[in-house]
Amino acid sequence: MSNSLLEARRELALANRIVANEGVIDAFGHVSMRHPADPGRYLLSRSRAPELVTPEDFVEYDLDSVPVRDPGVGQYSERVIHGEIYKARPDVMAVCHHHAPAFMPLLATRSDYVPVFHLGAVGGIKPPYWDQQDEFGDTNMLVVKPEEGASLARALGQGWMVLMNRHGVTVAGTSVKDLIFRSVYSAMNAEYQVRALCIGQSIASLTPGEAQLCGQISTKTTGLERAWEYWSMRVANKAGGLKAADGKTARAKRTTAPAAKRQSGKAGKPRRR
Ligand SMILES: [Zn+2]
């Protein structure tokens with residue numbers, strides 16, 4: 001495996017742990033990146049809580065969300081969200097799907113997301129809503145069919161965040177770090193917005209012009225790197241942080257599907273689905 005791919009896997013594992021550590025994701029939800037050497041593929045962890053993901057857990061998928069090699073492990077059921085967005089948006093390099101608690105009051109009432117502070121502009125001025133019911137009727141609410149993922153990608157359009165009515169949020173980014181910045185700060189904004197609504201007065205949102213200018217903060221200032229370093233430190237300081245786990249597994253396993261072998265060796269233990 002090339003050094004750049006190893007580094008990409010490491011960055012993506014850290015990204016998984018960051019969004020979990022910052023309260024955006026728990027056992028469900030997932031983070032992917034477009035393959036650094038092949039735009040027709042993407043990397044997504046096997047079915048595992050993001051806070052536990054290591055660089056070895058990633059499965060390579062084509063844009064139809066079919067694994068390039070049989071991973072021999074459980075896979076996320078909603079992976080078409082990722083594949084269909086990569087297919088529709090060549091400029092998207094990373095995708096996060098989550099059900100952050102901060103967003104749920106908005107999603108349960110189909111309320112618009114409104115940027116209420118400068119960093120909240122990462123979600124856009126009025127991100128679109130998508131409801132699986134509109135096109136597909138009664139389902140189990142999981143986005144598992146390619147046509148469901150394609151429908152969601154159409155709703156995202158050229159934006160960076162789509163709100164999924166009564167379900168969650170899907171965020172896109174120009175890089176893994178850009179994605180995590182958008183995911184964390186849009187969730188923070190949603191929490192502030194809902195709290196502000198509780199005061200009972202009208203919300204003073206950013207103007208469209210302010211939102212457009214503030215949306216460039218992550219790409220045109222040092223803010224992105226500063227935030228990434230801060231979040232990484234918080235992950236590293238946790239017991240079971242990525243450094244220790246990665247140091248052990250990276251030296252011990254060098255084959256193409258180490259995670260699969262390691263998992264299949266645990267006889268009798270149920271796999272996560
Ligand atoms: Zn979901």
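Let me start with one word: buried means under 20% relative accessible area. Keep that cut-off in mind. What you see above is a predicted model.

First stop, strand S7. It covers residues 168-173. How many of its six residues are buried? Six of the six, so the strand is largely enclosed by the rest of the structure. Now think about its two faces. In a regular strand the side chains alternate between the two faces of the sheet. On one side of S7 we have Gly 168, Thr 170 and Ala 172.

Which strands pair with S7? Strand S4, residues 94-98, is one partner. The two run in the antiparallel sense, over five bridges. Look for His 98, which stands opposite Val 169 in S7. Strand S6, residues 161-164, also pairs with S7. That pairing is antiparallel too, over four bridges. Here, find Val 162; the bridge partner of Val 162 in S7 is Thr 170. S6 and S7 form a hairpin, with three residues between them. In that turn, Arg 166 has a positive phi of about 65°.

Next, the metal. Which residues coordinate the zinc ion? Glu 78 does it through OE, and His 97, His 99 and His 167 each through NE2. The distances run from 2.0 to 2.3 Å. What is the arrangement? Check the angles. To count as tetrahedral, four donors need all angles between 85 and 135 degrees. Here the angles are 89 to 133°, so the arrangement is tetrahedral. Along the sequence, the spacing reads E-x18-H-x1-H-x67-H.

Glu 78 lies in the loop between strand S3 and helix H2, and His 99 in the loop between S4 and helix H3, so the pair ties together parts that are 21 residues apart in sequence. Are they buried or exposed? Glu 78 has 4% relative accessibility, so Glu 78 counts as buried. His 99 comes out at 26%, so His 99 is partly exposed.

Last topic, the rings. The count comes to seven aromatic pairs. One of them is Tyr 42 with Tyr 61, and this pair is stacked. The centres are 5.3 Å apart, with 25° between the planes. Where are these two in the chain? Tyr 42 is in strand S2, and Tyr 61 is in strand S3, 19 residues apart. Tyr 42 has a relative accessible area of 0%, so Tyr 42 is buried. Tyr 61 is also at 0%, and buried.

Now compare Phe 117 and Tyr 192. Their ring centres are 5.1 Å apart and their planes are at 70°, so the pair is edge-to-face. Phe 117 lies in the loop between H3 and strand S5, and Tyr 192 in helix H6, so they tie together parts that are 75 residues apart in sequence. Phe 117 is buried, at 17%. Tyr 192, at 36%, counts as partly exposed.

Two more things. Tyr 42 and Tyr 61 come up again: together with Tyr 86, they form one aromatic cluster. And a charge meets a ring: Arg 89 lies over the face of Trp 160, at 4.7 Å from the ring centre.

To close, go back to the start. S7 is largely enclosed, because six of its six residues are buried. Thank you.

Key:
Residues numbered from 1 in each chain as written. Predicted model: local features only at pLDDT ≥ 70, side-chain atom pairs only at ≥ 80, totals over all residues. Heavy atoms only, no water. Buried < 20%, exposed > 50% of the residue type's maximum accessible area, 1.4 Å probe, protein only. Pairing = 2+ DSSP bridges. Donors = N, O, S within 2.8 Å, 3.2 Å for Na, K, Ca; no water. Tetrahedral: all angles 85-135°; square planar, octahedral: opposite > 155°, others 65-115°. Phe/Tyr/Trp six-rings, centres within 6.5 Å; stacked < 30°, edge-to-face > 60°. Lys NZ or Arg CZ within 6 Å of the ring centre and 35° of its normal.
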